[in-house]
Every structure is written in structure tokens, then in C-alpha cells.
Amino acid sequence: MKKLLKYLAGFKAESILAPLFKFLEACFELIVPLVVSAIIDNGITGGRGASYVGWMCALLVALGAVGLVSAVFAQYFAAKAAAGFAKELRHDLFAKMQSLSYAEIDGLGTSRMITRMTSDVNQVQNGVNMVLRLFMRSPVIVFGAMICAFMIDALAGGIFAAAIAVLCVIIFGILLLTIPMYRKVQGNLDGITTYTREALTGARVIRAFCNEDKEIEAFNAKNAALKRSQTLAGRVSALMNPLTYAVINVAIILLIYTGAIKVEASVLTTGEVIALYNYMSQILVELIKLANLIITVTKSFACAGRLAEVLDMQSSLKRGSSERAEGMPYIKFDNVSMKYAADAGNALTSVSFTAERGDTIGVIGGTGSGKSTLVNLIPHFYDASEGGVYIDGINVNGYDDDAIRQKCGVVPQRAVLFNGTIAENLRWGKPDATDEELLEAVKEAQADDVIRAKRDGLNEMVEQGGLNFSGGQRQRLTIARALVRKPEILILDDSASALDYATDARLRQSLKELDYKPTVFIVSQRTSSIRNADKIIVLDHGAVAGIGTHEELLKNCPLYREIHYSQYEKEA
Ligand code: ADP
Ligand code: MG
């Protein structure tokens, strides 16, 4: 929480004014019972007459009005400070998330990150707001009422002190009991959110496998668990009101009983007893508010801790020296091994190969053989666990991340397009690209028919996730996006998997004819897509099973032969 306090720094005035106005409001509220008592003692029983009562009533109205104005100011300042705090916090969180490496993003998980950005920030904002509004109000009223009671009568003060002590035990006892219960409720709710998200993103798959009933059943189980935990927490919390009201009423009975005796003995006046009664009813509400404040603050602390964790995260990507070794090939994998987590097995084991500028490198292997892992090491999305990846004689960890990613045009395995027009999506590759440049890249990616099929051409809207395009159309648009930049290194991670053979062949031909001659990595499961590559790397469970041209591999690499002939039985 301390770490997050700096986000309040820009709202110092508001953070001081809000509690100050609340303090004023509390003071005015504490004066009210005294005025009422004066009306009764001096005005009604004391015989000071109707005009005194009238003036005092006017004073009450004035106190109410001033209290109201202070309250409005306090709410305004508190809300302003809390909202501003949350804005700055969200800003930093978002910037942090953008700065993290793939490894941390994998570890955090999308759904958890969204919770951090939304409900955790909201909870902390709420906490800040409540603290600013209440910490100078509730304690002031509770203890102020007790002090006023002591000033009126020592015995009555004692009853107040006892009542407050018993109420505190009840309220905080129930809180202590229910906080873990509510935490469980929150956990169940998170579970439902995650599950719903998956069911929605996977809706097509669920339909395709007729798994709706199973999904509904699983959801119902989670839903029932949520209801159970909520009911239990609710039942315990429900004890709060009857118990506290019982205590307050017993205290009031005692006050009136002892008060009546003292009024008889002329130690106390009627007005004073009524003032005591009023104070007693004030403290209950404030104690409950105070208790709620404490719940909110504990929850906020938990959320703040999680947020601070994210803010403290550092990209784990290592930084190395940017010294250039002379006489190296353009790209060199030097005995590279890679594991995603310290306790995981190797996703790549001792991979070594080189590529010259302008080469086309094919990467082939079964699913999970490490193809994506291999190409993701080139733009330094991940660190190699052992060995080194060199571009132009410099280890990739020696480049500035921006510099190296500027060199690389990456087409990830999952074709992701963003909300916006096609042109906006393509300009991710190069923000200042002209329409002509975009159209050229589109043509090179064999996507001109996609643009032509759409009424608005380049300005056609892409819906969220690119759902208004087919898989193959999306793939070609993501290739175009990478080509707009005219990258030195083009990485196509299984990016032609949804294309028919003819389009795939035309795409490869057009990549070959690019005038800026990028070094191209083509990851594929089909030998037809890579058979013309200058070098083909065959991966098997993360290890290199063979490197060479199509013909060489057909001769020397049994795995490659098997993959190839399984796709071209006739030639066998
Ligand atoms: P391919 O692209 O050949 O299908 P990948 O390179 O994606 O294979 O995966 C290689 C291995 O690494 C697999 O066993 C996979 O489970 C693991 N792996 C891939 N991505 C991650 C990740 N982000 N976190 C942990 N393990 C991963
Ligand atoms: Mg892959």
C-alpha cells in the first residue's frame, strides 16, 4: 500500500480537505444533541418561551445545512482524489504490462491481468475513497459521543464505554469470522469469471463437440459453490444487526433507567437524558460504518499488495553486451537450449544452425516439437536458457528490444487482428505507411482478393478478434502487416496453414521476389511449403533431427522422409 500512496501525491490538497470537511461534519453532528437538550431544559421545562425554542430550532437547521455543505465538499474531494489515484495507477499498470516479457505474461495469465486492471484497481480506489471520507468521521463521532456522555454524567459515560466495548467485540468478531468467508466468495466468483471467459472464447469448439450440456453442468457446480459460500457468509453477517441492536437497546434502557432516577434526584435534567439517548443512537451507525471501513481497507490492502507485485515485476529478459563478433554468419544459433520454466523440461535442446542474409529457412516438425519456440528466440521474445542466438554477430540480448523487433517482421502462429479498419491493422507494421505501401504489402501477401471482396477495401472494419474474416484471410492480412515494414527478417510461424496449396505456392513465390530480400523463416507442417528453402531444420521433441535441403534430408533424415511421404504417398 505504501508503494501505491505515491499515486495520491498529485492530490495532496484533496486528500487533506476531504477528511477535514468530514471532521467538521462530525463536530456539527455532535453539537445537535446538546442543542436539543437546551431546547428541552431551557425552552420547554425552563420556561424561556416560544421565541427561544424558535431560535434554537433555527440553529438546528443551520447546523444541518452547514453539515450538509461540509459533507458535499468532503465527498467531492474524496471522490476526486480516489478517481485520480486510480487513473494514475491504471496508467502505470498498463505501461508495466506492456513492458513485461512473454515469460512474465505467460506467468500472469490474461484473465488475472484483467482482474488486476479492473476489479483490483476499483477495490483500492474504493478503499482510498472510504478512508478519506470516514477515518476522520466515525472515530470522532464514537469517541466524541462517549466524551460528551462523560461530561454530562460519569455513570452514563461508563455505560457508553461498556456498550462501545461490547459492540466492538461483536462487530469485529463477526468481521473476523466473515472476512475469510468473503475471500472464498471472491475466489469462487473469480473461478466463474474465468470459466465463463473460456466458455465464450471456446463457444464454437463447445458447439462442435456437442459439449454444451457438460459445460452447463460444470458451470452449475461452480455456480452452486458460489451460492453456498455466499449464503454462509450472509448468514453469519446477518447476526450483526440483531446483536448490535440488542446491545444498544439494553444500553438505552440502562441510560433511561439510571437517568430517570437521577432526574428524580435533580442530578440530571430531562434534556440531558435525551441528549444521552441521542448520542447512543449515533454511535451504533458510526461503529458499523467503521467496521465496514475496516473490511474495505483490509480488502484494499490485499488488492494493493497484488498490484504492487505487478508494479514490482521486472522483465526477466537478460541484457547482454552489444559487441559485434566479426566474421559471423548473418544469423547463428549456437548450441541453443530453452526451457519455459526452471522446473520444466527443455522445449529446445542444443540447436545449432546458421543462415545467411536473404536465405529462406524452413522449420518443420510435429506439433510441440519446438518450432514456435525456435523462431520466438530470434526477436528475443524469450531468453535462451543456454547458448546464444546471434544476428549480425551480436547476441540478440545485446540489442535494444525495439531495435531488434524493428528488424523482424513476425507473423505469429495465431493470426490476431485488432478492432479497427484493415488499414489501421496494417499500419501496426509501419505507422506512417501510405495507402500505396499498404496495398503493395497486401498484394505481396496474396491478400488483394480479401481487400477486393470487402465493400470498403482498406477501410473495412475488423471486428474484435477479426471474426468477420476467415482463418486464411486473417493469416494473409497478418502476413501483409509484417511485410509493410519491409523487415530484414521475416518470420512466418505456420502462417500458411489455412491457405490452399495454390495460394501458399503463390505466396512463397512472391516472398522470393521481394526486392529487399529478407531472410525468411517459414515454419510449417507441410514439406510442400518448405521444400524450396535453402535450408530446412527438422525438429523432433526440441532437438534437431536433421538440417539440409529437401533432397539431402530425403536421403539422410528418416523423420523428414516420413513426414514427406505421409503427405505424398504417390512418390513413395
Ligand atoms: P510447436 O510450435 O512446434 O508446435 P512449441 O514451440 O509451441 O511447439 O512448443 C514446444 C514445447 O514448449 C511444447 O512442449 C509446449 O508445451 C511448450 N511451450 C510452448 N509455449 C509455452 C509457454 N508459453 N509456456 C510453457 N511451455 C510452452
Ligand atoms: Mg507452433
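Tutor: A residue counts as near a molecule or strand if one of its heavy atoms lies within 4 Å of it. This model is predicted, so local features need pLDDT of at least 70 and side-chain atom pairs pLDDT 80 or more, while totals for chains, interfaces and linings use all residues. Residues are numbered from 1 along each chain as written, chains are lettered from A and ligands numbered from 1 in the order written, and side-chain values use heavy atoms, without hydrogens or water.

Student: Which residues are around ligand 1?

Tutor: They are D106, Y340, A347, G366, T367, G368, S369, G370, K371, S372, T373 and Y382.

Student: How many residues of each class does this shell have?

Tutor: Ala, Val, Leu, Ile, Met, Phe, Trp, Tyr, Cys and Pro count as nonpolar, Asp, Glu, Lys and Arg as charged, and the others, Gly among them, as polar. The shell around ligand 1 has 7 polar, 3 nonpolar and 2 charged residues. Its largest share, 3 residues, comes from helix α12 (residues 371–377); helices (H or I, at least four residues) and strands (E, at least two) are DSSP runs numbered from the N terminus.

Student: Which atoms lie 3.1 Å, 2.9 Å and 2.7 Å from oxygen atoms of ligand 1?

Tutor: A polar backbone atom of G370 is 3.1 Å from an oxygen atom of ligand 1, and one of K371 is 2.9 Å from an oxygen atom of the ligand. From S372, a polar side-chain atom lies 2.7 Å from a ligand oxygen. The protein covers 60% of the 550 Å² of accessible area that ligand 1 has on its own, by the Shrake-Rupley method with a 1.4 Å probe.

Student: Which residues coordinate the magnesium ion (ligand 2)?

Tutor: Donors are N, O and S atoms within 2.8 Å of the metal (3.2 Å for Na, K and Ca), and sites may look incomplete without water. Here S372 (OG) and Q413 (OE1) coordinate the ion at 2.0 to 2.2 Å. S372 belongs to helix α12 and Q413 to the loop between β6 (408–411) and β7 (420–421), so the pair joins parts 41 residues apart in sequence.

Student: Is S369 buried or exposed?

Tutor: Buried means under 20% relative accessible area, exposed over 50%, and partly exposed in between (1.4 Å probe, protein chains only). S369 has 3% relative accessibility and therefore counts as buried. By contrast, S372, at 21%, is partly exposed, and Q413, at 42%, is partly exposed as well. S369 sits in the loop between β3 (360–365) and α12, and its side chain reaches the backbone oxygen of G366 at 2.6 Å.

Conventions. A polar contact is a pair of N or O atoms within 3.5 Å; within protein, one must be able to donate a hydrogen and the other to accept it, and residues adjacent in sequence count only if both atoms are side-chain atoms.
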